Amino acid sequence: MDNLYYIGQNILNFAGSLLGTQIIMWVASKLIKDEEKKNKFKLSWFNIIFSILMLLSSSVAGIFLVVFNLLVLLFGKRFTVLKDKHISDWGTGIIFILMTALNIFNGEYDYQWEFAVLGIVWLLFRFVIQKEKFWKFSKMGLLTFLSMIIGFIIFLLGYNYEFETAHILTDEYEVKMNGMSADVSGYATPNSKVRVYINGEEDTAEKSDEDGYFSFEAYRPGKWTVKVTKNGETDTDYTVVKPSKEYKEKHATNVKLNFAGIFNLMSEPLESIGVDEYNRWLEADENGTNVSVDDLITQVQKEHAKDVLTAVSKKSSLDKTIQELKNMNDSEYEKYNDYYNDMITYYRTVMNPPAGYKDTFGDKFDDLRDKITNDLNEMNR
């Protein structure tokens, strides 16, 4: 279904060129009174006029047809065998077939097969079918009529699919970044919004042009999915973007810097909460206040609600960052994973202090705080 619209166009161009040629031949027959000249004109110029009209219809085949048939016309004056063997008729059909063969050679196996069919049918009507009249049609008139009917049906089916249904196809299913980005492109329902997702998260919205072409720059590796919706239907496709060496190196540096920043922002509220927890615990012991440690810790964290929210949020970010570093197979992952484990232990100690005496908590808190400080110093070197 993807190419029906263009197949229909090509067949209609073929039929229109044939029709135009026969009209010109009919007009010429009315203007040329001499029968011998009339027949000579028809034999010599039919394929030339047809080739020119094919060229004017924007068909690539028209270029080859015009060049070939002009050469046959010119050399035919000197070498009459070209005319006697109907080389122009043979060559025209073969050129159509070669158009498909050329596409197959270029790896476009599903592209313009209609030219091969048209070439074979042309040769059938020129050389195999001997009857000159079919009802009121000449051989070329019947070929024109059949081409128009078939082309019109295919064109209508293709038009409905091309413009009224949701369809999308990326040019490649896997591309590698060139530096820090990669180009992703494809074809979709013309003049439609193309939604873009990276690893399941919506990223941007592009638009296909009047021919259905769309493209965008993928700035990070992963599975880039594209979706288009038309008349309540949705179609999807994807391209997997592979990171370049340059991206890996630069991105790893950025991830580590990001990790260090999150690490620092997470340590600050935890220190504030932990210091207050220890001081309130100490104060309660010195005053002989009969209050449970759990209630005291709950009260402190309630008063530090903003710090608690910050610590929880930064922990989530730190989890994602260390996972990203792991996925990159970075050489320093193990070292950063040790930093991560230090911070997680620090987080759990502050948010859920160990049972026992305040000094047990205080000693562990101080040790971990020193570790966190040392980790930050190492990361910032």
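Tyrosine 187 stands opposite tyrosine 213 in β8. That pair is our way into this predicted model.

Me: Happy to start there! Which strand is joined to β8, and by how many bridges?

Reply: Pairing is read from bridges: two strands pair if at least two are found between them. Here, 6 bridges join β8 to strand β5, residues 182–188, and the two run antiparallel.

Me: In what order do the strands of the sheet come?

Reply: Follow the partners across. The order is β3-β5-β8, an open sheet of 3 strands with antiparallel pairing. At the edges stand β3 (168–170) and β8 (213–218); each has a single partner strand, so one side of each is left without a neighbour in the sheet. From one strand to the next, the twist averages 25°.

Me: Now the surface. Which residues make the nonpolar patch?

Reply: A patch takes residues with over 30% relative accessible area, and nonpolar side chains are joined within 5 Å. In this model, Leu55, Val60, Ile63, Phe64, Val67, Leu71, Leu74, Phe75, Phe79 and Val81 make a nonpolar patch of about 900 Å².

Me: Which helix gives the largest share of that patch?

Reply: Helix α3, residues 60–76, with 7 residues. Leucine 74 lies in this helix, α3.

Conventions
Residues numbered from 1 in each chain as written. Predicted model: local features only at pLDDT ≥ 70, side-chain atom pairs only at ≥ 80, totals over all residues. Heavy atoms only, no water. Helix = DSSP H or I, 4+ residues; strand = E, 2+ residues; numbered from the N terminus. Axes fitted to C-alpha atoms, helices over the stretch in contact; angles between N-to-C directions. Patch = residues over 30% accessible without salt bridge, like charges linked within 9 Å, V, L, I, M, F, W, Y side chains within 5 Å. Areas by Shrake-Rupley, 256 points an atom, 1.4 Å probe, with all protein chains shown as cover. Salt bridge = Lys/Arg side-chain N within 4 Å of Asp/Glu carboxyl O.
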